[in-house]
Amino acid sequence: MQKPTVGIAFSGGAARGIAHLGVLQALQELNIPLKVISGTSSGAIVGAFYAAGFQPKELLNIILQVNVLRLLRPAFSWHGLMNLDEVEKVILKYLGDLTFADLKTELIITTTDINQGTVVYFTEGKIIKPLIAACSVPLVYRPVEYRNHVLLDGGLLNNMPVECLTDKCDFIIGSHCNPVNYEAKVSTFRTIMERTFQLAINNNVQARYKYCDVLIEPPALKHFSVLSFSKAEEFFRIGYEYTLSLAEKLQVARQDV
């Protein structure tokens, strides 16, 4: 019997998105090859590096070496509180000036056109500008002007871009790293902002669960802030172990059975 073609959609989720690397590591060990990857925000970064040939543990080591606070330096303006210039420099350091055609795995980067209020997918040309746009959180980062669009984080309208895989793949995996902890106390300005962000993006994700043959949403992630970059290794482990626990559901996509 012919094995299905497999695609995966990676959600955004800031530091929690590191769990996607553990998901990828587990999928490799389960011998599940990916034909197409879609993603936005941190999910787009994970997808882009993996599609370029970086291994999950290799990318984890890069993340552990990066000074996140330096990358998030303030850049106040009327358009946003911070820019992503330093993030762009780091991406260019490792990926260079790659185009989508240079990638080893097909990649779809999801962004939001803030003027038109629409989702914009990128699948060709150079990847750097769409990738930076996919990470531009509204009100926090400056929008990216590219190809007659004014672009922000794709999570604003679609934080787990699954639909773009439906005509390309027979088997779709959704990797969602934003379970909400409804028992957590929300009392400070930071926690209110974080909860508002989570509720908003989760609202547009739930309707997309129906497109997933398997949904990977590690419940343990709900106990961590989306800004806990110091927990990178733990996020990796959580994603890895939870994905392995779904091995039976993923079996139909394996290439060795």
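1. Let's start with helix α1, where Ala19, His20, Leu21, Gly22, Val23, Leu24, Gln25, Ala26 and Leu27 are buried. Buried means under 20% relative accessible area, exposed means over 50%, and partly exposed lies in between (1.4 Å probe, protein chains only). Helices (H or I, at least four residues) and strands (E, at least two) are DSSP runs, numbered from the N terminus. Because nine of the 11 residues of α1 (residues 19-29) are buried, the helix is largely enclosed by the rest of the structure. Just after α1, asparagine 31 has a positive phi of about 60°.

2. A word on what you are looking at: this is a predicted model, in which local features need pLDDT of at least 70 and side-chain atom pairs count only at pLDDT 80 or more, while totals for chains, interfaces and linings use all residues. Residues are numbered from 1 along each chain as its sequence is written, and side-chain values use heavy atoms, leaving out hydrogens and water.

3. Now have a look at the core. The largest nonpolar core has 60 residues, and Leu95 and Leu250 have the most contacts inside it. Such a core is a set of buried Ala, Val, Leu, Ile, Met, Phe, Trp, Tyr and Cys residues joined through side-chain atoms within 4.5 Å. Helix α2 gives the largest share of this core, six residues. A second, separate core has 11 residues, including Ala9, Val36, Met160 and Leu165.

4. Which residues does leucine 250 touch, leaving aside neighbours within four places in sequence? Leucine 250 is in contact with Leu27, Leu30, Ile32, Phe171, Ile173, Val214 and Thr243; contact means heavy atoms within 4.5 Å.

5. Next come the rings: there are five aromatic pairs. Rings of Phe, Tyr and Trp (its six-membered ring) pair if their centres lie within 6.5 Å; planes under 30 degrees apart count as stacked, over 60 as edge-to-face and the rest as tilted. Phenylalanine 54 and tyrosine 94 make an edge-to-face pair, 6.4 Å centre to centre with 80° between the planes. This pair links distant parts of the chain, 40 residues apart: phenylalanine 54 sits in the loop between α2 (42-51) and α3 (56-65), and tyrosine 94 in helix α5 (residues 85-95). Phenylalanine 54 is buried at 13% relative accessible area, whereas tyrosine 94, at 27%, counts as partly exposed.

6. Another pair, phenylalanine 122 with tyrosine 146, is tilted, at 5.6 Å centre to centre and 50° between the planes. Phenylalanine 122 lies in strand β4 (residues 118-122) and tyrosine 146 in strand β5 (residues 144-146), so the pair ties together parts 24 residues apart in sequence. Both phenylalanine 122 and tyrosine 146 are buried.

7. How do the axes of α3 and α8 cross? The axes of α3 and helix α8 (residues 232-244) come within 10 Å and cross at roughly 155°. Axes are lines fitted to C-alpha atoms, for helices over the stretch in contact, with angles from 0 to 180 degrees between N-to-C directions. Pro56, Lys57, Leu60, Ile63 and Leu64 in α3 meet Ala232, Glu233 and Phe236 in α8.

8. Finally, is arginine 208 buried or exposed? At 13% relative accessibility, arginine 208 counts as buried. Arginine 208 is placed in the loop between α7 (189-206) and β8 (214-216).
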